[in-house]
Amino acid sequence: MRVRRSAVLLSVAAILLLGAAFVIFAGRQPRSAATPDAVDAVPASAPDLPTMSSPAVGALFIEGSHYCTASVVHSERGDVLLTAAHCIHDGEGGGYLTGLTFAPGYHDGVAPFGYWTVSDELVAPGWSASSDPDLDVGFATAHQAGATRSLESLVGANTLATGSGFEQAITLTGYPDDSDVPAVCRNTTSQQDTYQLKVDCAGFPTGTSGGPWVAGQDPKTRLGTVIGVIGGFESGGDDPDTSYSSYFDTDVLALYRQTTART
């Protein structure tokens, strides 16, 4: 379990069951490839970010504490976040978490781009109905009062890829509960199960859920193509040195398209 449950449980009383206009997803097609809006968004200059970390990756906060990780994915409006479903919805028998904020590029107690309000959370029906680990992927939007520019125009964004295969060289980033700087690791993924990815990266404990798996990261912009997030099997893994992700296929693409259509 890669999410700080003690913090999340404090918000249970505030959880609202949102009426969601879900699409009906087609059958799983894990080998179908699709990359929506494959456009690189270059981030603004980020002040003193830790080595290798990306301004498009940040910490999710609830009740004043960071408990999960999220990242910006490219969209026309420039406001879409990607994380694990269990970071924004309690799954079977539960509802969406409320009062969340996102701090892109967060480090050392500093939010260099400020805090952004998280809204429009969306998970797949298979997650909300039965906590299906193969659908542990969620999207949301981020807004900041008084902002004159979109989040993406400030920090950049990764592009979303689905059906891209199981073996990929990636950069993995996540925020451990006990650290105010992100953990960053590079390694090659493998197939854990029909709809699960696996990667061996040391030092990804509780709090790193939702951390993006980015292929082809540009060393200058620190952006690339996101093919997974820490989640899925065992909510991302019980061993901090091995992480999992739900496989990004047509279900994830449909969820992304539904999110961008309503922003």
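**Exercise 1. Sort the residues lining the largest cavity into nonpolar, polar and charged.**

Step 1. List the lining: Ser54, Val57, Asn158, Thr171, Thr173, Pro212, Val214, Gln217 and Arg222. Here a cavity is a set of points on a 1 Å grid over the protein atoms alone where a 1.4 Å probe fits but cannot get out, and lining residues have an atom within 4 Å of a point.

Step 2. The sorting gives 3 nonpolar, 5 polar and 1 charged.

Step 3. Now for the elements: β8 (169-174) and β12 (212-215) each supply at least two residues of this lining. Strands are DSSP runs of E with at least two residues, helices are runs of H or I with at least four, and both are numbered from the N terminus.

Step 4. For the volume, the largest cavity comes to about 30 Å³, and the count of cavities of 30 Å³ or more is 1. Grid points are joined across faces, edges and corners, and the volume is the space filled by probe spheres set on the points.

A word on the ground rules: this is a predicted model, where local features need pLDDT of at least 70 and side-chain atom pairs count only at pLDDT 80 or more, while totals for chains, interfaces and linings use all residues. Residues are numbered from 1 along each chain as its sequence is written, and side-chain values use heavy atoms, with hydrogens and water left out.

**Exercise 2. Find the disulfides and say which parts of the chain they link.**

Step 1. A disulfide is a pair of cysteine sulfur atoms within 2.5 Å, and the structure holds 2 of them.

Step 2. Take Cys68 and Cys87, joined with an S to S distance of 2.1 Å. The angle about their S-S bond is -75°, a left-handed link. Cys68 sits in strand β2 (residues 65-73) and Cys87 in the loop between β3 (80-83) and β4 (101-104), so the bond ties together parts 19 residues apart in sequence.

Step 3. Then there's Cys185 with Cys201, also at S to S 2.1 Å. This link is left-handed too, with -80° about the S-S bond. It connects distant parts of the chain, with Cys185 in strand β9 (residues 183-188) and Cys201 in the loop between β11 (196-200) and β12, 16 residues apart.

Step 4. Check burial, where buried means under 20% relative accessible area, exposed over 50% and partly exposed in between (1.4 Å probe, protein chains only). Cys68 and Cys87 are buried, and Cys185 and Cys201 are buried as well.

Step 5. Counting bonded cysteines along the chain, the pattern reads 1-2, 3-4.

**Exercise 3. Describe how the rings of Phe233 and Tyr244 sit relative to each other.**

Step 1. Rings of Phe, Tyr and Trp (its six-membered ring) pair if their centres lie within 6.5 Å; planes under 30 degrees apart count as stacked, over 60 as edge-to-face and the rest as tilted. The whole structure has 6 aromatic pairs.

Step 2. The centres of Phe233 and Tyr244 are 4.9 Å apart and the planes stand at 85°, so this pair is edge-to-face.

Step 3. Phe233 is in the loop between β13 and β14 (242-246), and Tyr244 is in strand β14. At 32% relative accessibility Phe233 is partly exposed, whereas Tyr244, at 10%, is buried.

Step 4. Elsewhere, ring pairs link Phe61, Tyr106, Tyr115 and Tyr175 into a cluster.

Note on methods
1 Å grid on protein atoms, 1.4 Å probe; cavity = no way out; pocket = protein on both sides within 12 Å on 5 of 7 lines; lining within 4 Å. Nonpolar A, V, L, I, M, F, W, Y, C, P; charged D, E, K, R; others polar.
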